[in-house]
Amino acid sequence: MDTRTNEEWLRDLRGENKNQAIEDLRKYLKKGLIYALSSRIKTDLEHQVEDFVQDAILRILDKLDTFRGEAKFTTWAQKVAVRVAFTEMRRKRWKDISIEDLLPEDSGDFTPLVLSDPSPDPEKRATQESMLQMVEEILKDDLTELQRTALLAIIHGGMPLEEVAQRMDTNRNALYKLLHDARKQMRNRLMEKGFSAEEVLAVFENG
Amino acid sequence: MKLSSETIKKIMQSVKSTRDEELHCGHCYDELHQFIELKLSGKNAAEAMPLVQDHLDRCPPCREEYEALLEALKAFSE
């Protein structure tokens with residue numbers, strides 16, 4: 001199925017054999033996506049995959065100049081098709097859900113943190129409460145509202161990064177950077193307060 | 001604001017594994033096809049491209065796409 005060299009793929013997709021090359025690429029991407037997505041898409045798999053492949057081919061043709069040849073062309077193209085498919089699947093799955101739907105109750109004006117499942121052991125519960133207060137201070141004072149909201153939407157709400165990014169009018173890469181900065185900030189503030197993340201974690205392990 | 005200990009633990013786990021230098025999603029995506037070919041050829045991709053492996057370990061959407069791409073490419077080896 002993949003009998004062309006990288007140079008042949010690029011030459012054919014740009015030249016006289018374009019239609020045949022696109023058709024061959026379509027078959028290749030479709031086979032791979034059906035194999036990869038059959039456990040995730042239960043209805044109308046073939047039709048959905050055809051739509052993904054159609055969009056992927058447009059993107060591949062548009063980005064052809066960015067292929068640097070450090071892997072097989074078909075591996076690169078299949079990567080683009082997987083990205084197209086997952087972006088669309090996530091968009092469909094999360095389309096009616098806002099970030100506010102996912103945030104913990106009362107997070108808007110940042111009411112004090114309360115543990116919904118405190119330890120039954122009074123001594124441990126007291127330690128949890130004091131750690132919780134410290135985490136709350138860091139979330140409230142050291143993170144921006146954007147960082148706090150994104151962190152909670154992803155970790156508490158389970159929303160994928162790109163869906164949060166889209167709702168915040170940014171992109172997946174920029175949001176990752178925002179969250180990376182937030183995690184570093186939290187780590188540094190914990191250290192300044194004399195704790196490590198491991199120590200805080202231990203307090204919330206096993207109830 | 002009510003949070004479960006599970007959420008606090010997830011936040012702390014993400015803080016615990018934070019590195020000063022991390023690949024962002026775009027960089028990971030740019031290198032993913034090379035990483036996966038190393039993997040498929042039986043080489044130690046994680047050792048050759050540790051920052052990609054690190055990003056895949058901490059970023060669920062990128063990991064999900066990596067696993068699906070691995071599956072897709074298996075369609076041509078079976």
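Me: In this predicted model, how many residues of chain A are in contact with how many residues of chain B?
Reply: An interface can be read by counting the residues on each side whose C-beta atoms lie within 7 Å of a partner; here 49 residues of chain A are in contact with 37 residues of chain B.

Me: Which element gives the most to the side of chain A that touches chain B?
Reply: The contributors that each supply at least two residues to that side include α2 (18-37), α4 (73-94) and β1 (114-115) of chain A, and it is α9(A) that gives the most, with 9 residues. Sorted by class, the side of chain A that touches chain B has 24 nonpolar, 9 polar and 16 charged residues.

Me: In what sense do β1(A) and strand β1 of chain B pair?
Reply: Strands count as paired when at least two bridges are found between them, and β1(A) pairs with β1 (residues 2-3) of chain B in the parallel sense, over 2 bridges. Within β1(B), Lys2(B) is the bridge partner of Val114(A).

Me: What does the secondary structure of chain B come to, and why is chain B described as more spread out than a compact globule?
Reply: Chain B has 5 helices and 1 strand, which follow the order β-α-α-α-α-α from the N terminus on. Its radius of gyration is 15 Å, well over the 12 Å that the globule rule gives for 78 residues, and therefore chain B is more spread out than a compact globule. The C-alpha trace of chain B spans about 50 × 25 × 20 Å along its principal axes.

Me: What percentage of the residues in chain B is buried?
Reply: Of the 78 residues in chain B, 37% are buried.

How values were computed
Residues numbered from 1 in each chain as written. Chains lettered and ligands numbered in written order. Predicted model: local features only at pLDDT ≥ 70, side-chain atom pairs only at ≥ 80, totals over all residues. Helix = DSSP H or I, 4+ residues; strand = E, 2+ residues; numbered from the N terminus. Rg over C-alpha atoms; globule rule 2.2 N^0.38 Å. Buried ≥ 20, exposed ≤ 12 C-beta atoms within 10 Å, placed from the backbone. Contact = placed C-beta atoms within 7 Å. Nonpolar A, V, L, I, M, F, W, Y, C, P; charged D, E, K, R; others polar.
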